[in-house]
Amino acid sequence: MKGRVRWWAGILVPFAALALGRWALPLPFVVEVLIFSVYTMACNFLLGRVGFISFGQPAYLAAGAYGTAFYLYYFGRDPLVGMLAGVLSGLVFAAVVGLVFVRLRSDYFALVNLALAVIVYHVMQKVLAPITKGDNGLWFLDRMRATPLVDLTRPEGFVWFAWLVAVGVWALYKYLDDTVFGACCLATKTNEDKVKFLGYHDFKVRWTAFTLANTTAALAGSLYGVYFGFVSPEMASAARAADPVVVTILGGTGTLYGPLVGSLAYVGMKDLVSGVVGNWEFFVGLLLVVIMLAGERGIWGTLEPWLRRRWTWRRATPALQE
Amino acid sequence: MDLNLWISGVVYGLSMGSIFFLLAAGLSLCFGLMRIISLDQLLYYSLGAYVAYQVNVSTGLTWPAMAAGALAAGALSWVVERWVFDRIYAREITFTMITSFGILVAGVGAIKYVWGLVPRPMGIPVEAQVAVLGVNIPLYRLIVIAIAAGVYGAIQWLLNRTIVGTAIRAAVEDVDQVEGLGVDVYRLFTGTFVGAGVLSGLAGALHGPLVMVDPQMGLEVVPFVFMVVIIGGLGSLKGTLVSAFLVGQVVSLGSLVYAPLAQMAPFAAMLLILLWRPTGLYGSALLRR
């Protein structure tokens, strides 16, 4: 019982802090951080636990966003069902694509994923233009029906929903770290052959992990869709492909709080820098290079050992670095 | 369909394949020798185009402007190699990929800052048209194809007929062994990287007059270069040549059949080829470190 309380406290304390920030910080900022952290969590799991580096995350983000958009624009009005549609389409998309991609070597995997993002972009912009309305995108903000309890169609309600989703995602990934499956993922990263020797099917492990992570990315996509009430092909743009990878590394690859800290820093920096100079790409790129050269431990990866020494936390976060 | 259209389509595809080849050859060579994926080559491509454009606008010269573009790209790649890659050669491949992506993004940001967001038109060096099988073809495209062929020949000669090339080929097989023979492999690495940078810059400068020079040009060409490298197989020069022209033709002829298909068809082809051979047409599964 005590262990369980501590387990949940590990997630709820930082998120409670963020929830309090809802009154101190601008609302769009908090929502952006929450959604982006879910998006990054998927990338973090792939990179830190399974050893997959993917520059194609926008493809899965767009799969979720368009699933939601199609439902809300053409069929129904309930944003919750719309999100379900988005997550399901992301699940199917990732599961099918994963069958091919998971077999590839890491360098090819990264390249092919970026290519996939470009395919999705072109399909949504040109090939399916009659359905997706091309670059104009789909607008469905006023089509969504208000939901009971928390009203998803209004930012004031949506922020709590996004918060809840983020807590759920964190709990899921934290739980996975303690399971056999989580251990298998980590094992395929460090030594694929030994996983096979131990009698686990490495393809199955990787495929499940790939599907799970990219469904999470799709979830982030459908959150974006409902929040903006608008989806355009820009979502799958290859120019934004590096963002989740950058934020993952910025926060600290493979750490539990890395994606949250990274998103906070990244979104904050984007808002601040773009207010001052206008082209923040330069600084993002530079920052990425500096972090990589400085030892790729990221913000949380550097802070965590320091904090632990300060307070001597009892339960170590299962941050397993190679 | 009209035969003339097809002939010009093939020439168009060949010239596009030439640009892809110049770009992808650098990427492929760097992978073969240093086991890095150098996405920043696309920055040198953009820089080559911009410097060529700038020199062209200020002096009115065309071919020297292109040479200047290639040289500027080479100079930048030398700086990046000294400051960044020299420290990370020993790291795993994804590490170099992320770092070089950072360089690319930062460089594109810097280009936007210097030259602005507006696409710039660049003067074409040769306006003349020649008749090929009764179809008028811009001479410039044929020159681009000839240059790419020349570069392929020069690289092959360098790799197969000179002592430096022999060292490079040996280092692709086994770096440690070559180092043990007393060859300074880091000088080989620098040379190859700068060579790749010059080729990328040349590709950008040559491509400038055919398209508009704009800040996103490096990112726009990313998928095609990746595709060329993946289909050909990382590290294989011959594979790069074959797949560059393959992709060029698919894009060019595909657009004659059905325009949206042109962007898509190569990707579909790539996925099929990867299903059949996960390391590309000429890629070796043994090249693993």
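Reader: Which residues of α8(A) meet α10(A)?
Author: In this predicted model, Cys184(A), Cys185(A) and Thr188(A) of α8(A) meet Asp202(A), Val205(A), Arg206(A) and Ala209(A) of α10(A). Two residues are in contact if their C-beta atoms, placed from the backbone, lie within 7 Å. Helices are DSSP runs of H or I with at least four residues, strands are E runs with at least two, and numbering starts at the N terminus.

Reader: What kinds of residues are those?
Author: That contact of α8(A) with α10(A) has four nonpolar residues, one polar and two charged. Ala, Val, Leu, Ile, Met, Phe, Trp, Tyr, Cys and Pro count as nonpolar, Asp, Glu, Lys and Arg as charged, and the others, Gly among them, as polar.

Reader: And at what angle do the axes of α8 and α10 in chain A cross?
Author: At roughly 110°, and the axes come within 10 Å. α8(A) and α10(A) are therefore roughly perpendicular, the label for 65 to 115 degrees; under 35 is roughly parallel, over 145 roughly antiparallel, and the rest oblique. The axes are lines fitted to C-alpha atoms over the stretch in contact, with angles from 0 to 180 degrees between N-to-C directions.

Reader: Before I get lost, how does the numbering work, and what gets counted?
Author: Residues are numbered from 1 along each chain as its sequence is written, while chains are lettered from A and ligands numbered from 1 in the order in which they are written. As the model is predicted, local features need pLDDT of at least 70 and side-chain atom pairs count only at pLDDT 80 or more, but totals for chains, interfaces and linings use all residues.

Reader: New topic: which residues touch the most others in the largest nonpolar core?
Author: Ile35(A), Leu114(A), Ala115(A), Phe20(B) and Val225(B), out of 202 residues in that core. Helix α1 (residues 3-34) of chain B supplies its largest share, 16 residues. A nonpolar core is a set of buried Ala, Val, Leu, Ile, Met, Phe, Trp, Tyr and Cys residues joined through C-beta atoms within 7 Å. Buried means 20 or more other C-beta atoms within 10 Å of a residue's own, exposed means 12 or fewer, and partly exposed is in between, with C-beta atoms placed from the backbone.

Reader: What does Phe20(B) touch?
Author: Leaving out residues up to four places away in sequence, Phe20(B) touches Phe224(B), Val225(B), Val228(B), Ala244(B), Val247(B) and Gly248(B).

Reader: And Arg35(B), buried or exposed?
Author: Arg35(B) counts as buried because it has 21 C-beta neighbours inside 10 Å. Arg35(B) sits in the loop between α1 and α2 (41-59) of chain B.

Reader: Last one: what's chain B built from?
Author: Eleven helices and two strands, in the order α-α-α-α-β-β-α-α-α-α-α-α-α. Its radius of gyration, taken over C-alpha atoms, is 19 Å, close to the 19 Å from the globule rule (2.2 Å times the number of residues to the power 0.38) for 289 residues, so chain B is as compact as a globular protein of that length. Of those 289 residues, 50% count as buried.
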